[in-house]
Amino acid sequence: MSASGTDVHEEVRRGVARVRERIEAACARADRNPADVTLVGVSKFQPEDRVRAAIEVGVLDLGENYAQAMRDRVESLSDLAGTGVRWHQIGPLQRNKVNMVVRVASYFHALDSVALADALGSRRDPADPLHVLVQVNVAGEETKSGVGPAEVPDLLSAVAKHPSLRVAGLMAMPPAPECPEDSREHFAALREVGERLGVPGLSIGTTDDFEVAVEEGATMVRVGRSLFGERPARTAG
Ligand SMILES: *Cc1c(COP(=O)(O)O)cnc(C)c1O
């Protein structure tokens, strides 16, 4: 398949329209307002023309899971800074990469330690607070990042101590589902943690299960492949 500029633009435009329709339908089923669900376009490993096309059709929240990749994106798309794009760091963050996120991100979805909250909070400018979500390992998977539900209150207090940070909610990335319904119990479990602690925001749902996530209360869905197409084979990093 050739991928001339217009083809790419049209493909991404269709992908975005389709995902938005599916979010709206899920909202209708759950009696929710689509304005309460932010679509975060996960641009990791995607070619730049696709990311530009998404921004042009109004996807202004973009997620990357490596801090260096986000920094590089912000640089290469600096001509679009005036469009109001907000960058979301959605992957785990090493302490030595904190400065990159502090400089360019509006949201950080993967807080998993008090030390990291303190590192972010002490470097971010309080005039432009960083919105932070605590990543919860809802399925208790050994290999997954995120904290257990019992540790969430400590992280929320750590965030609250910093005027440069704002609690934006809880995030989860449950095991890859065989079918979308497999994720429902994990999303519901996260929602219950949020309800118990009075935290309203929920970052849940990917290409695999974002409609179920919306039905279970997602305020942010993180969708990559359904918007941009399959990710190209990744190189190291
Ligand atoms: C890659 C990724 C996504 C998006 O996945 P898709 O399958 O492309 O929709 C969402 N969240 C996190 C944390 C990711 O790493």
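Predicted model: local features only at pLDDT ≥ 70, side-chain atom pairs only at ≥ 80, totals over all residues.
The ligand sits in the largest pocket.

For Thr 207, a polar side-chain atom lies 2.6 Å from a ligand oxygen. In the case of Arg 225, the distance between an N or O atom of the side chain and an oxygen atom of the ligand is 2.7 Å. The side chain of Asn 65 also has an N or O atom 3.4 Å from an oxygen atom of the ligand. Taken alone, the ligand exposes 390 Å², and 92% of that area is buried by the protein.

Aromatic rings were also examined. The count comes to 1 aromatic pair. This pair consists of Phe 45 and Tyr 66, with ring centres 6.3 Å apart. Their planes stand at 65 degrees, and planes over 60 degrees apart count as edge-to-face, so the pair is edge-to-face. The two residues belong to distant parts of the chain, 21 residues apart. Phe 45 lies in the loop between β1 (38-42) and α2 (48-56), whereas Tyr 66 lies in the loop between β2 (61-64) and α3 (67-76).

Methods. Residues numbered from 1 in each chain as written. Heavy atoms only, no water. Polar contact = N/O pair within 3.5 Å; in protein donor to acceptor, adjacent residues only side chain to side chain. Areas by Shrake-Rupley, 256 points an atom, 1.4 Å probe, with all protein chains shown as cover. 1 Å grid on protein atoms, 1.4 Å probe; cavity = no way out; pocket = protein on both sides within 12 Å on 5 of 7 lines; lining within 4 Å. Sits in = over half its atoms within 2 Å of the grid points. Phe/Tyr/Trp six-rings, centres within 6.5 Å; stacked < 30°, edge-to-face > 60°. Helix = DSSP H or I, 4+ residues; strand = E, 2+ residues; numbered from the N terminus.
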